[in-house]
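Have the structure open while you read, and start with me at a single loop residue.

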Amino acid sequence: MRYCIDLFFMLAICVITSGCGGGSGSTSSSSTSQVNSSFQSSSYAQSSSPSLDSPRAMRVAAGNNSVTLSWFTVNNADSYNLYYSIEPNIDPSKFGQLAALNRMENVTPSFFTLNNLQNGTRLYFVVTALNVLGESPPSDEVSAIPQPLLQFPVRGSGKINDTGVDWCADIDFIYLTCPQADFFGQDGDYGRDAQYRSGYLVKIGSGTAGFDFTKIDANGNELPDNAEKWSCVLDNVTNLLWEEKTSDGGLRDANNYYTWYDPNPASNGGDEGVRNQGSCVGSDCDTFSYLSAVNSQGLCGFNDWSIPTINELKTIINYGRIYPATDVNFFRNAPPSNYFNWTWSSSTGTGISVGLSAWGVEFSNGHVNLDVKRNFGRIRLVRQKP
């Protein structure tokens, strides 16, 4: 028993001092340090530590010539080793035996970006935890394909917009950088918003976060991003064309409001709503009358505008901000932040509220809800651009 205890402490001292022979460790980038030679010369089973759990909940996000990985921290871990290969089923004990198996050593903290990777090649990853007693079993394996910067974005992909949340949070604060150790896998870590923040997203127009809008003049022509006057807004992701409100006190003034009304039984959910009970200029003050008036004028050269469905209306909500929860550089003439900003959709209620209510968005804060049709709301028309 004494021999076993002495051997244990000798091995521990060897690991700490790298004094037990063997070749030098491999060289890594400035964000890593040289691994002890005992980890290279000994088998994985010999160096694994039963006191260390495997890293959990591995997540991976591909970038341009790069991959960012994150995982939960492990109790009593001092650092981590990141293994990666073009071959799946990574076995850390075979490091040094397989040419395709690479290792980044003593990585801290629990998220890491690996750069200078080849775009278009799938890579596989596992992580192990380290302390003076040894190395944990590996995490579950994940994979990713680094992707090049898109040079030719495609307009009207048919996809919905991202949320606009291009920041991360921890238990105490919001509007933090991404990723956040121990709070990974947040909205801000993924999608168009994350690509924009990382400089990987090329836009046709411009907009906050992952949004991509183009200003349109009264005749349907595209305008530069710095145009001071425009009549419509084209969403280059969804290919939806949106009405821009005015502040001229006329038909499309942002401060007009309307009751919900649709005389068509095929689309009104069983209840036509309430006609002409809002407060407006230029038409009867309900959704049907306003739509008819705008189409008769041919806004931006078109007369096939419609009241948006709730799913269409939600695509321009920016959940990364409030007051208002839209991109104010494009949807400029919204009511003040302290003013009622409920906007109707054409979608009616279901269940016990069928026919009596309709869906809408509160664009002050992005809330989506039902309201009874006799109440007041604003309108922002939409059409699908071919």
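1. Let's begin with N239. Its relative accessibility is 13%, so N239 counts as buried, the cut-off being under 20%. The residue sits in the loop between β10 and β11. Have a look at its backbone too: phi of N239 is near 65°, a positive value in a residue that isn't glycine. Bear in mind that this is a predicted model.

2. Is Y323 buried or partly exposed? With 46% relative accessibility, Y323 counts as partly exposed. You'll find Y323 in the loop between α6 and β12.

3. While you're in that loop, check the next peptide bond. The one from Y323 to P324 is cis, with omega near -5°, and P324 belongs to the loop between α6 (310–314) and β12. There is a cis bond from C178 to P179 as well, with omega near -5°. P179 lies in the loop between β8 and α4 (191–197).

4. Now the chain as a whole. It has six helices and 15 strands, and buried residues make up 45% of its 386 residues. Of the contacts with a separation of 6 or more, 62% are between residues 24 or more positions apart. The accessible surface comes to about 19100 Å², and carbon and sulfur atoms hold 52% of that.

5. Four bridges link β12 to β13 (residues 357–362) in the antiparallel sense, and T343 stands opposite V361 in β13.

6. The other pairing in that sheet is β13 with β14, antiparallel over six bridges. G360 stands opposite N369 in β14. The hairpin has four residues between these strands, and G366 in it takes a positive phi near 85°.

7. Helix α5 (residues 287–297) deserves a slow look. Its buried residues are T287, S289, Y290, L291, A293, V294 and N295, and the buried residues of α5 pack against β11 (240–243) and β12 (342–348). At the start of the helix, a side-chain oxygen of D286 comes to within 3.2 Å of the backbone nitrogen of F288. Just after the helix, G298 takes a positive phi of about 70°.

8. What about β5 (residues 111–114)? In a regular strand, side chains alternate between the two faces of the sheet. In β5, F112 and L114 form the covered face, while F111 and T113 form the uncovered one. Strand β2 (residues 66–70) runs antiparallel to β5, joined to it by four bridges, and T68 has T113 as its bridge partner there.

9. Last, the nonpolar cores. Which residues have the most contacts inside the largest one? They are L69, W71, L82, L114 and F125, in a core of 20 residues. The elements giving two or more residues to this core are β2, β3 (79–85), β4 (102–107), β5, β6 (123–131) and β8 (142–144). The largest share, four residues, comes from β6. A second, separate core has 18 residues, including C280, Y290, A293 and W305.

Key
Residues numbered from 1 in each chain as written. Predicted model: local features only at pLDDT ≥ 70, side-chain atom pairs only at ≥ 80, totals over all residues. Heavy atoms only, no water. Buried < 20%, exposed > 50% of the residue type's maximum accessible area, 1.4 Å probe, protein only. Pairing = 2+ DSSP bridges. Contact = heavy atoms within 4.5 Å. Polar contact = N/O pair within 3.5 Å; in protein donor to acceptor, adjacent residues only side chain to side chain. Core = buried A, V, L, I, M, F, W, Y, C linked by side-chain atoms within 4.5 Å. Areas by Shrake-Rupley, 256 points an atom, 1.4 Å probe, with all protein chains shown as cover.
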